[in-house]
Amino acid sequence: HHHSQAASPSFPTQITVSLPPNLKLRFGIIKTKWFTRRPYPEFQVTLINPETITPFTQTEGWLVGIKLVSGNGHYVSQLLHTSVYGFPLLQGKATIQGLKFTAVSSRNGGFFQLEAYIKTPENTKIEAVKSVEIKVLSERLKNDTKVSDIDELNSGDELSRVPGIGKKYTSRLGDAGVKTVRDLAEIDPTSKRCSTLLDMIRKDRGSLTEFKFLNLIEKMKQIIKKQQTGHNNNNNN
C-alpha cells in the first residue's frame, strides 16, 4: 500500500473488494421504437451474479456508462445526448434516464443498440453488454404515426395519432377547432356542437359512424381522466 492512497477519492477508481467471478450486466425492458430529441423512457441496468441469480449489491460509488452503437457496429456515442457522466449503480441496480437520440437509426445501419459498461471502477473486468435493437425515427414523424394502443395516447397528441380517425376526418375536425385528444375529450356528446360536428363528419357517410365518433369521445374522456389521476401531484393544467 502506497501512502499516497490514504486520501482516497469519493469514487473508487480501482477495485478494493474481491469480486465474484462472471458478474454480468443486464438490461431491463426498454422501448424498441423511439423518436429523436424526445427523452428516452428510463430503464434499469442490473449487475447480476450468475451463481446466485441475484444482483451483486456491493457497488457503492460505482457508475454505469452508456455508449451508442450503430447497426453497422460503430460506436456513435456523439449521437446520444446524456446529461450525466455516469449513472450510480445502487445496490447493483442503475436507473438510466435522460438519454436523447440526436439522429435517426435508418441512416446509421438501420438500428441502434445501447451498450452498458462499468465506468467506475475501471478495472472490474466485467464485460460490457448491448441492448436489443432500437429503431429511432424522426421526431417529425411522431405526430403522423398512429399509436398501436389507444391507452398510449396523451392529452396533447394530435388527432392523427388516434386509431380510427383517418386523414379526411382529422382535417375536417381540425378545421372545426378539434385538433388534439383533449379537444375531443372536451366535447359534450349531448351538445349542439357535437351534432354540428357529426353532421360535418357524416356528410359523405364515410367510415367514421356516429356510434364510433361518440365512442371515441368517451374513450378520450377516460384517457384524460386516467392521466389526471395518475399525475395529480403535478398540476400543469
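D157 and R161 form a salt bridge whose closest N and O atoms are 3.2 Å apart, a salt bridge being a side-chain nitrogen of Lys or Arg within 4 Å of a carboxyl oxygen of Asp or Glu. Both D157 and R161 are buried, where buried means under 20% relative accessible area, exposed over 50% and partly exposed in between (1.4 Å probe, protein chains only). This is a predicted model, in which local features need pLDDT of at least 70 and side-chain atom pairs count only at pLDDT 80 or more, while totals for chains, interfaces and linings use all residues. Residues are numbered from 1 along each chain as its sequence is written, and side-chain values use heavy atoms, with hydrogens and water left out.

**Salt bridges**

- The structure holds three salt bridges.
- K130 pairs with E115, with the closest N and O atoms 3.3 Å apart.
- E115 is buried, at a relative accessible area of 5%, whereas K130 is partly exposed at 42%.
- D151 and K226 meet through their side chains at 3.7 Å, N to O.
- D151 sits in the loop between α1 (139-142) and α2 (167-175), and K226 in helix α5 (residues 210-230), 75 residues apart.
- D151 is partly exposed, with a relative accessible area of 47%, and K226 is exposed, with 51%.

**Sheet**

- Four strands form an open sheet in the order β7-β5-β10-β11, with antiparallel pairing; two strands pair if DSSP finds at least two bridges between them.
- β7 (87-88) and β11 (129-130) are the edge strands, each with a single partner, so one side of each has no neighbour in the sheet.
- Strand β10 (residues 112-120) is joined to β11 by two bridges, and V129 in β11 is the bridge partner of A116.

**Nonpolar cores**

- The largest nonpolar core has 31 residues, and Y40, F43, I66, I96, L99, F101 and L114 touch the most other members; such a core is a set of buried Ala, Val, Leu, Ile, Met, Phe, Trp, Tyr and Cys residues joined through side-chain atoms within 4.5 Å.
- Two or more residues of this core come from each of β1 (24-27), β3 (43-49), β5 (63-70), β8 (93-96) and β10, and β10 gives the most, with four.
- Apart from neighbours within four places in sequence, F43 is in contact (heavy atoms within 4.5 Å) with F27, I29, I30, A94, T95, I96, L99 and L114.
- A second, separate core of 24 residues includes L184, A185, I201 and I224.
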